[in-house]
Amino acid sequence: MIRIGICDDEGYMSDSVRTMVSGFFREKNIEIIILQFSSGEELLKYDKQIDILFLDIQMKGIDGMETARKLRRRKFKGILIFITVLKEMVFQSFEVQPYDYLVKPIEEQYFEKMMERLLGSMKDASEENLLVQKGYESRIIPIVDIVFCEIIDRKIYLHLVSSEVVDYYDRIENLEKKLNHGFFRCHRSYLIHLKYLKSYKNGTAYMENGREIPVSRLRGKEFSNVILQYMKCENE
């Protein structure tokens, strides 16, 4: 499920974008949640994940540009699309890394082409990110940020480089299929990211974050071979 935010202080424009977004994803059979905000202040109070954000630049109070700066400073990693009446505003926005711009009045044909491009980019990026579903919430985790994965009582715990731990319900077999070749299942309860492996000795993998991960006897020999192969590929 993709979480989409629309922030515009003009109700009719917000509803217009909502209609176009809903129609586009309905045709693609992709489930979405749409959240509407009437000001930058209201948006900044929202503390949950937004994957795609349509943000009006000219708003009363905190304008869209300043709102975007504040969001990026908070490490907002969603896709940002500005809505504007002034094309000139484009040149002031590089610092907040927008994906694209919709100029009012929004042409539906341009909107469709932009969204097709965006969907293609998201599919390409899915190989570099993990979409975690927890209840009705979803979150995109860059795979490069995962140090190791642990399963306890049917719940998966993703240990990230930031020391944050993200938990959700899934089978470790499903997770293993989604991760790339840089991971190895060294134990029935652990998947480790070889990028963050410091050393391996006597059945224990020592990770860069200080954790010691057990390696089962049955996987020890394969693990040694995988480490050598991984190091070879990294040095090529």
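**Charged pairs, cysteines, a pocket and rings**

Trainee: Let me start with R73: is it buried or exposed?

Mentor: R73 is exposed, with a relative accessible area of 55%, where exposed means over 50%, buried means under 20%, and partly exposed lies in between, using a 1.4 Å probe and protein chains only. Keep in mind that this is a predicted model, in which local features need pLDDT of at least 70 and side-chain atom pairs count only at pLDDT 80 or more, while totals for chains, interfaces and linings use all residues. Residues are numbered from 1 along each chain as its sequence is written, and side-chain values use heavy atoms, leaving out hydrogens and water.

Trainee: Okay, and which residue does R73 form a salt bridge with?

Mentor: Its partner is E66, and the closest N and O atoms are 3.5 Å apart; a salt bridge here is a side-chain nitrogen of Lys or Arg within 4 Å of a carboxyl oxygen of Asp or Glu. E66 is partly exposed, with a relative accessible area of 26%.

Trainee: How many salt bridges does the structure hold?

Mentor: There are 13 salt bridges in the structure. One of them joins K155 and D167, with 3.1 Å from N to O. This pair links distant parts of the chain, since K155 lies in strand β9 (residues 155-160) and D167 in strand β10 (residues 165-169), twelve residues apart. Strands (E, at least two residues) and helices (H or I, at least four) are DSSP runs, numbered from the N terminus.

Trainee: Are K155 and D167 buried or exposed?

Mentor: Both K155 and D167 are buried. Elsewhere, D8, E10, D56 and K104 are linked in a network of salt bridges.

Trainee: Switching topic, how many disulfides are there?

Mentor: The count is zero disulfides, a disulfide being a pair of cysteine sulfur atoms within 2.5 Å. C186, for example, is in no disulfide, and the nearest cysteine sulfur, that of C149, is 10 Å away. C186 counts as buried, at 0% relative accessibility.

Trainee: How much space lies in the largest pocket?

Mentor: The largest pocket holds about 1,000 Å³ of space. On a 1 Å grid over the protein atoms alone, a pocket is an open set of points with protein on both sides within 12 Å along at least five of seven lines, whereas a cavity is a set of points where a 1.4 Å probe fits but cannot get out, and lining residues have an atom within 4 Å of a point. Of the 35 residues that line this pocket, Q49, D51, K77, G78 and I140 are the closest to its centre.

Trainee: And what classes of residue are in that lining?

Mentor: The lining has 20 nonpolar, five polar and ten charged residues.

Trainee: Last one: how many aromatic pairs does a search of the whole structure find?

Mentor: The search finds seven aromatic pairs, where ring centres must lie within 6.5 Å, and planes under 30 degrees apart count as stacked, over 60 as edge-to-face and the rest as tilted. F24 and F25 form an edge-to-face pair, at 5.2 Å centre to centre and 90 degrees between the planes.

Trainee: What about F148 and Y190?

Mentor: That pair is tilted, at 6.2 Å centre to centre with 45 degrees between the planes. The pair links distant parts of the chain, with F148 in strand β8 (residues 146-152) and Y190 in strand β12 (residues 190-193), 42 residues apart. F148 counts as buried at 0% relative accessibility, and Y190 counts as buried at 12%.

Definitions and conventions:
Points joined across faces, edges and corners; volume = space filled by probe spheres on them. Nonpolar A, V, L, I, M, F, W, Y, C, P; charged D, E, K, R; others polar. Phe/Tyr/Trp six-rings, centres within 6.5 Å; stacked < 30°, edge-to-face > 60°.
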